[in-house]
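Thanks for coming, everyone. Please look at the screen, and we will walk through one chain together.

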Amino acid sequence: MKTPSSSKLVIGIFDHLDEDGSDIARQYEDRLVLAEACDRLGFYGYHLAEHHFTPHGRGPSPNLFLSSVAQRTRHLRIGPMVMLLSLCHPLRAFEEICMLDQLSGGRVELGIGRGSLPIELGYFGVDAEAVSERYAEASEILVKAMKGGTLSYQGYHFEVKDVPLTLRPYQRPHPPTWIATSRPESAGWAAVNGANIACVGPSASVRRITDAFRASRRHTIGADGQAPFLGLLRMVVIGRSEKEAYSLAAPAYERWLQSFKFLYDLNAIPTPPNLPLTFDAAIESELCVAGTAASVRRALSNQLEAAGANYLLCQLAFGNLPLDASLFTATTIQSEI
């Protein structure tokens, strides 16, 4: 597993692939162009969210889109953040990951999770009360499948018997795994089970999560100084001036927020209490960082240190942010941050 040293910051890309107002095919192509640029610029990975029946996610099958990313890049690592195991049979998930890892030459970073909005799962007939158990069984089957051979499993939601696992991932024993978490308890589980973590929220809140991770993982860090990824997610927009950055980021955030709230509003569900409802609130809560290269560098440096993170997940494209703006931010991060 390729990991950063404990003192070195590594930078990757996170993407909701939320609706930008353009034709869907055009947006896909724009994202592929951005992925190509990030590959050339030396970003570590491209992580794509999974959402369903909402403009918040135009990539409901992340592995399908990531197979295109794999063919347009050479070094950029790719993976779902996260693949919703509550929605698919774990054997299907295993086969897709094996294919993507082989197609990419061993560049998959496998994020797994249960889903954050029950209504999305409900459209598939998955009851909210069953999600936790379905995810637990599916993740257990997926872990067993990565070992190869013949698989049998008896659970309440899934039963498989004498399945010959003829596919295997390119990376051995398996691709690096990830979870997205906002709870110290989940971070402790990830540490014990060798998974990386991705977090969003104010630095002080994330610090409680990274501290919990390190407390559980400390005894497993080797003498070579290698450490797991402790990721911090931020929307980032860099402009040639503070005014330009804000003029780009503010309407893009409002468009992103509208997409985020779509299913909440449609189903009269209260939005999460920590969701910033204005761009100024997004800046204040540290979800967004916008400004010149110098001011963004200072803000990100302070937030990463306060959060105890060693992996920066930049959301470079969101809302109706123009492709040129995302490319400028990516290039400036590479040259000045």
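This is a predicted model: local features need pLDDT of at least 70, side-chain atom pairs count only at pLDDT 80 or more; totals for chains, interfaces and linings use all residues.

Let me begin with one spot in a loop. Pro 173 sits in the loop between β7, residues 159-164, and β8, residues 177-180. The peptide bond from Arg 172 into Pro 173 is cis, and its omega is near 5 degrees.

The bond running from Met 81 to Val 82 is cis, with omega near 10 degrees. Where is Val 82? Look in the loop between β3, residues 77-80, and β4, residues 83-84.

Now, backbone angles. Most residues other than glycine have a negative phi. Phe 53 is not a glycine, yet its phi is positive, about 60 degrees. Find Phe 53 in the loop between β2 and α2. Is Phe 53 buried or exposed? Phe 53 is exposed, because its relative accessible area is 51% and the cut-off for exposed is over 50%.

Glu 286 is another non-glycine with a positive phi, about 75 degrees. Glu 286 belongs to the loop between α9, residues 279-284, and β11, residues 288-291.

Let's zoom out to the whole chain. How many helices and strands are there? The chain has 11 helices and 12 strands. The C-alpha trace spans about 60 × 50 × 35 Å along its principal axes.

What about the inside? Of the 337 residues, 53% are buried. Take the contacts with a separation of 6 or more: 73% of them come from residues 24 or more positions apart.

And the outside? The chain exposes about 15,200 Å², with carbon and sulfur atoms supplying 53% of that area. On charge, count 31 positive and 35 negative side chains. The centres of those two sets lie 6 Å apart.

Start with α1, residues 24-41. At 1.5 Å a residue, its 18 residues should span 26 Å; the end C-alpha atoms are 26 Å apart, so α1 agrees with expectation.

Then α3, residues 90-103. It has 14 residues and reaches 20 Å from first C-alpha to last, close to the 20 Å expected. Its buried residues include Pro 90, Leu 91, Phe 94 and Ile 97. After α3 comes Gly 105, with a positive phi near 70 degrees.

One last stop: Leu 117. Leu 117 is in the loop between β5 (110-113) and α4 (118-122). Leu 117 counts as buried, because its relative accessibility is 8% and buried means under 20%. Which residues does Leu 117 touch, leaving aside neighbours within four places in sequence? Leu 117 is in contact with Leu 263 and Tyr 264. Ala 128 is 11 residues from Leu 117 along the chain, and their C-alpha atoms are separated by 9.2 Å.

That's the tour. Over to you.

Technical notes
Residues are numbered from 1 along each chain as its sequence is written. Side-chain values use heavy atoms; hydrogens and water are left out. Helices (H or I, at least four residues) and strands (E, at least two) are DSSP runs, numbered from the N terminus. Buried means under 20% relative accessible area, exposed over 50%, partly exposed in between (1.4 Å probe, protein chains only). Contact means heavy atoms within 4.5 Å. Accessible areas come from the Shrake-Rupley method with a 1.4 Å probe; for residues, only the protein chains shown count as cover. Lys and Arg count as positive and Asp and Glu as negative; His and the chain ends are not counted. The place of a charge is taken as NZ of Lys, CZ of Arg, CG of Asp or CD of Glu. The expected span of a helix is 1.5 Å times one less than its number of residues.
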